[in-house]
Amino acid sequence: MSKITTAIIDYKLSNLKSVKAACDYVGLNAFITSDFKKVLQADSIILPGVGSFKEAMKNLKELDLDKSIIENINKKKYFLGICLGMQLLFTKSEEFGNAKGLNLIEGEVVKFKSKKKFPTPIPHVGWNNIKFIKNNNICDGLESISQMYFVHSYYAKPKKKNVILSETKYCNINFCSSVSKQNIFAFQFHPEKSGEFGLKVYKNYLNIIQNDKNTF
Amino acid sequence: MSKFLRIIPKLEVKGNNLVKGVHLEGLRVLGNCYDFAKKYYEDGADELIYQDVVASLYERNSLNDIIEKTSKNIFIPLTVGGGIRNIANIKEVLNSGADKVSINTAALKNPEFINEAANNFGSSTIAINIEVIKNKDGKYYAYIDNGREATGKLLDKWVLEVQERGAGEIIIVSVDKDGTSLGFDLDIIKILKNKIKIPTILNGGIGKEQDILEVLKNYKVDGIALASLLHYNYYNFLKKKFSNLNEGNSSFLFSNKKFKNFQNTNIIKLKKYLNNHKINIRKK
């Protein structure tokens, strides 16, 4: 059996070192690339990212990476999105008017609004609880309420509730902090910055791919 | 608020070494910086701060090596400060694997640099480090160059300005209390109250677990950065591994001195204590 390969997609917006380090740590064979052909050949993809939604989509398009991500997902290859990499899956973002996303999950990305009655710092930076609201192998070994590290000002609002994997409370609302839909897993928090529990997410992702590959 | 109080070891770095002084002066070598960082991570630190106290061109490469090694093996956020003077410096530190940078001197000399940095890298990447000293007039001022040089900038004015300019986080260092174990300067909190809307980290003077409660009674701070309290409790354990004696004043390290001014504790005990006092703490 050939070794499973994972492409960490570099679209020139973020530091990918810690994502790669987390992959190395759990034994996930990953490489960083901006080449859409290499992405198409990979068995799985990781889409990280911080920063502007609009700029991210522009860069993905310029590098033809948007099509290859969609093609891979349609071919049932596994996908792990982190932070902006989760938000990009959605239909659109309200950032700078309206920016269109990959539309692999229906819904929109909106900004936190600090309420006058309960002023809250934005961006949401730091550790917060995630509460799993459905079962999935990606959260094996994690407690139903776990702490993860967040850095973001926008959050995703899925149209269909059944994609929501976990919720987190901030700015007096429960927002969707992770999603899963068939071969797609995506997190608003940074598992690679969330200590040992975060690393478990990477390990579980590897196990899911391996178990799937073994059944062929 | 559902967020957690962040316990953040602050490691002052010189070459490869962890150093610590009093009022940011008189630095003693305590061991290998990375060894401390690794142990703090394993014990449940929520985040780390590296502060390059020399920030010379020559030392810079060894700092980047430590950042790189850290980002490969330690999976919590890392803020790096000291000698960040321009956009290229920020890029270099982030490329080595840091998640955030903290800026002091360059921001006070040219406040526009904060806007520039936040526009280039996003507010959440840019922390402003403020070294605070109380002057004879009874007012608190921001200092530069490890608390050595006055700027005449009042603390209350400066915290408002850095937020307006797009800083994502503020780290307040009480230079008067640094390394003393006398507790954080609660008068600083009175100045900060109701003025800061972004996450705030306090540093300087914490000598026992209870000092943190005193801060929290007065102010809903996001993080507490700890140096002496942790370093002096861990260095005896870590010095067996330490071999780099060439750099700096390391005679102290082998004097077997115990620091009775600082409470005997560690990150695990400290978090248990805070949890028992109903402080929201991340469980490892």
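How many residues of chain A are in contact with chain B, and how many of chain B with chain A? The legends below start there and then move on to single elements; please keep in mind that this is a predicted model.

**View 1. The contact between chain A and chain B.** Here 26 residues of chain A are in contact with 26 residues of chain B. On the side of chain A that touches chain B, the elements giving two or more residues are α1 (17–26), β8, β9, β11 (164–170) and α6 (195–214) of chain A. The largest share, five residues, comes from β8(A). By residue class, this side of chain A divides into 12 nonpolar, nine polar and five charged residues.

**View 2. Strands β8 and β9 of chain A.** Let us zoom in on two of those elements. Strand β8(A), residues 124–132, pairs with β9(A) in the antiparallel sense, and the pairing runs over eight bridges. To find your place, look for Lys131(A), which stands opposite Ile145(A) in β9(A). Why is β9(A), residues 145–152, largely enclosed by the rest of the structure? Because seven of its eight residues are buried.

**View 3. Helices α1 and α9 of chain B.** Two packed helices are described by the angle between their axes and the distance between the axes. For α1(B), residues 33–43, and α9(B), residues 228–238, the angle is about 110° and the axes are 11 Å apart. An angle from 65 to 115 degrees counts as roughly perpendicular, and α1(B) and α9(B) are therefore roughly perpendicular to each other. From α1(B), the residues Asp35(B), Phe36(B), Lys39(B) and Tyr40(B) meet Leu230(B), His231(B), Tyr234(B) and Leu238(B) in α9(B). The residues of this contact divide into five nonpolar, one polar and two charged.

**View 4. The two sides of helix α6 of chain B.** In α6(B), residues 155–164, the buried residues include Leu155(B), Trp158(B), Val159(B) and Val162(B). Seen down the axis of α6(B), the buried residues fall within an arc of 100°, so they line one face of the helix. Turn to the other side of α6(B) and you will find Lys157(B) and Glu164(B), both exposed. Just after the helix, Gly166(B) takes a positive phi of about 105°.

**View 5. Helix α3 of chain B and the glycine after it.** In α3(B), residues 87–96, Ile90(B), Val93(B) and Ser96(B) are buried. These residues cover an arc of only 135° around the axis, which puts them on the same side of α3(B). Just after α3(B) comes Gly97(B), with a positive phi of about 125°.

Key. Residues numbered from 1 in each chain as written. Chains lettered and ligands numbered in written order. Predicted model: local features only at pLDDT ≥ 70, side-chain atom pairs only at ≥ 80, totals over all residues. Buried ≥ 20, exposed ≤ 12 C-beta atoms within 10 Å, placed from the backbone. Helix = DSSP H or I, 4+ residues; strand = E, 2+ residues; numbered from the N terminus. Pairing = 2+ DSSP bridges. Arc of directions from axis to C-beta. Axes fitted to C-alpha atoms, helices over the stretch in contact; angles between N-to-C directions. Parallel < 35°, antiparallel > 145°, perpendicular 65-115°, else oblique. Contact = placed C-beta atoms within 7 Å. Nonpolar A, V, L, I, M, F, W, Y, C, P; charged D, E, K, R; others polar.
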